[in-house]
Every structure is written in C-alpha cells, then in structure tokens.
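Trainee: Before I use this model for anything, I would like to go through it with you, one question at a time. Could we begin with how the strands are arranged and then turn to individual side chains?

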Amino acid sequence: MIKLLIYEDNPQLREGLTMLIDGSEGFSVLASFKNCSNVAHEIKVFRPDVVLMDIDMPGVNGLEGLKIIRKADEQIKVLMLTVFDDHQNIFEALKSGANGYILKKTPPAKLLEYIQEASTGGAPMTSSVAAQVLKMFSQIQPAVENDYNLTDREKEVLQWLVKGYSYKMIAAEMFIAIDTVRSHIKKIYEKLHVNSKSEAVAKAFRDKIV
C-alpha cells in the first residue's frame, strides 16, 4: 500500500485527486492540504511514502514546502504535480530534491503509474518536462581543464607528488638530481599559486591537472 499526502490549493482538484488515488487498489491518501504551512509537522505525523505536491499555492508554496521536507526527511518521495513546465520551476524543483515532475494534464491512469514509479525509487517526468531537462543539460558548459602552463616535466613531477613520492624517490624515478626536483617543484608551486605539497596535490585533483 502506497501512502500519500496531497498538497493542492484548488479544492475541486484536491478532492478529485483524493477520490482517484484513494479509490485505486494499492493506494491510500492519508490527508490533503491547501498549502505547506505545516508540512514539517504533517510529514512527521502521517509518515507518507509519497507526497504529491503542487507548486503555486498561497502561503508556503510547493517549492518552499519541498525544501522543508528535504531538511526533515531524505527518504519521502516528493512528486511535483503542476501546470508549470518552464525551465526555472523544473530546475528549482529538481535542485531542491524532487523525485519527479509531472503536469496536471497527465491522464489518471498515467498519474497512478507515476506515483508507483516514484515510490520504488524512479524519477517520473512528463515527456515535455523530460525534454526540457535534457535541453538544460545540453546547455551546461563542461568545466575547462586548466594545466596552469605546466611543462610536461613539471606535470610528471606533480604526478609523483600526487602518488606520495618524496623528493629523493622522484629523483630516482626520473633519473634527475634532487636539486632539479626541488627546482621543478618551486616552479610548480609558483604556477599553481600554492605554498605546500598538500595544496599542490589538492589543486591537481580539483582542477584535473594530472
């Protein structure tokens, strides 16, 4: 039995959703509310499996309610059910921890499928919303890797540092004098704007230098 809470400010739609879901086998609507003013208390009292959440509600809206839920509980599945399919609302909902994003024009049978999918760990989305998400990802520019103008020799020295080698071990591996290793490392520190081995290693990992 999938237990739900519904947050929807339109009383007719709220009642219709309750009747549809509660009247379907395997689903139980524990309660329904017109906004998220007391959502932290309500999820604690009712312990739902899935929350069906509108976005545009008076008082505390669905996006704010979602953030409140996520601060209190990471396990409850929150499925946004809304008329909004714009970039901003979709991005904000997914960033805040929504498990799915579906539109109110979704047919009843499909809505039940989406709720079932969300309850088992899926991330249901109306096809037009999924298309928007793919478009958003395609527009994200990949991080540009920065090599800080290190020479190949300096990168090789940095790689040995990352592996935890001492100056003496690096010198032996590269068949160079320890003073030459020190000279390389001094230049590496200057180019990376760091002052220690640990800082250099951290920057090498963070900026994918080696």
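Trainee: Which elements of the protein chain have the lowest and the highest mean pLDDT?
Mentor: For the protein chain the mean pLDDT is 92, and 97% of its residues reach 70 or more. Where pLDDT is low, the predicted coordinates should not be read in detail. Among the elements, the lowest mean, 81, belongs to helix α6 (residues 127–139), and the highest, 98, to strand β1 (residues 2–7).

Trainee: In what order do the strands of the sheet stand?
Mentor: The sheet is open and its pairing is parallel, with 5 strands taking part, and their order is β2-β1-β3-β4-β5.
The strands at the edges, β2 (27–33) and β5, each have a single partner strand, so one side of each is left without a neighbour in the sheet. From one strand to the next, the twist averages 25°. Read across the sheet, then, the order asked for is β2-β1-β3-β4-β5.

Trainee: Which residue is the bridge partner of I2 in β2?
Mentor: The two strands concerned, β1 and β2, pair in the parallel sense over 6 bridges. The chain passes from β1 through helix α1 (residues 11–22) to β2, in a β-α-β crossover that is right-handed. Within this pairing, the partner of I2 is F27.

Trainee: Which residue of β3 is the bridge partner of I6?
Mentor: Of the 6 residues of β1, 5 are buried, so this strand is largely enclosed by the rest of the structure. β1 also pairs with β3 in the parallel sense, here over 4 bridges. In β3, the residue bridged to I6 is L52.

Trainee: How many residues of strand β4 are buried?
Mentor: The side chains of β4 (residues 77–82) can be sorted by direction, with K77, L79 and L81 pointing one way and V78, M80 and T82 the other way. Buried here means under 20% relative accessible area, and the residues pointing either way are all buried. The strand is therefore largely enclosed by the rest of the structure, the count of buried residues being 6 of the 6.

Trainee: Which residue in β4 is the bridge partner of V51?
Mentor: Strand β3 (residues 50–53) pairs with β4 in the parallel sense over 4 bridges. The chain reaches β4 from β3 by way of helix α3 (residues 62–72), and this β-α-β crossover is right-handed. The bridge partner of V51 in β4 is V78.

Trainee: Which residue in β5 stands opposite M80?
Mentor: β4 and strand β5 (residues 100–103) pair in the parallel sense over 4 bridges. Together with helix α4 (residues 87–95), these two strands make a right-handed β-α-β unit. The residue of β5 that stands opposite M80 is Y101.

Trainee: How many aromatic pairs does the structure hold, and which residues form the aromatic cluster?
Mentor: The structure holds 3 aromatic pairs. One of them joins W160 and Y165, which are tilted, at 4.7 Å centre to centre and 45° between the planes. The cluster is formed by Y7, F33 and F46.

Trainee: Which residue lies over the face of W160?
Mentor: W160 counts as buried, at 14% relative accessibility, whereas Y165 is partly exposed, with a relative accessible area of 21%. The residue over the face of W160, at 4.7 Å from the ring centre, is K163.

Trainee: How far apart in space are L158 and K197?
Mentor: L158 has its place in helix α7 (residues 152–162), and at 0% relative accessibility it counts as buried. L158 and K197 are 39 residues apart in sequence, and the C-alpha to C-alpha distance between them is 9.3 Å.

Trainee: Is H193 buried or exposed?
Mentor: H193 is found in the loop between α9 (178–192) and α10 (197–206), and although H193 is not a glycine, its phi is positive, at about 60°. Exposed requires over 50% relative accessible area. The relative accessibility of H193 is 66%, so this residue counts as exposed.

Key. Residues are numbered from 1 along each chain as its sequence is written. This is a predicted model: local features need pLDDT of at least 70, side-chain atom pairs count only at pLDDT 80 or more; totals for chains, interfaces and linings use all residues. Side-chain values use heavy atoms; hydrogens and water are left out. Buried means under 20% relative accessible area, exposed over 50%, partly exposed in between (1.4 Å probe, protein chains only). Two strands pair if DSSP finds at least two bridges between them. A crossover is right-handed if, with the strands pointing away from the viewer, the path from the first strand over the helix to the second runs clockwise. Rings of Phe, Tyr and Trp (its six-membered ring) pair if their centres lie within 6.5 Å; planes under 30 degrees apart count as stacked, over 60 as edge-to-face and the rest as tilted. A charge sits over a ring if NZ of Lys or CZ of Arg is within 6 Å of the ring centre and within 35 degrees of the ring normal. pLDDT is the predictor's confidence in each residue, from 0 to 100. Axes are lines fitted to C-alpha atoms, for helices over the stretch in contact, and angles run from 0 to 180 degrees between N-to-C directions.
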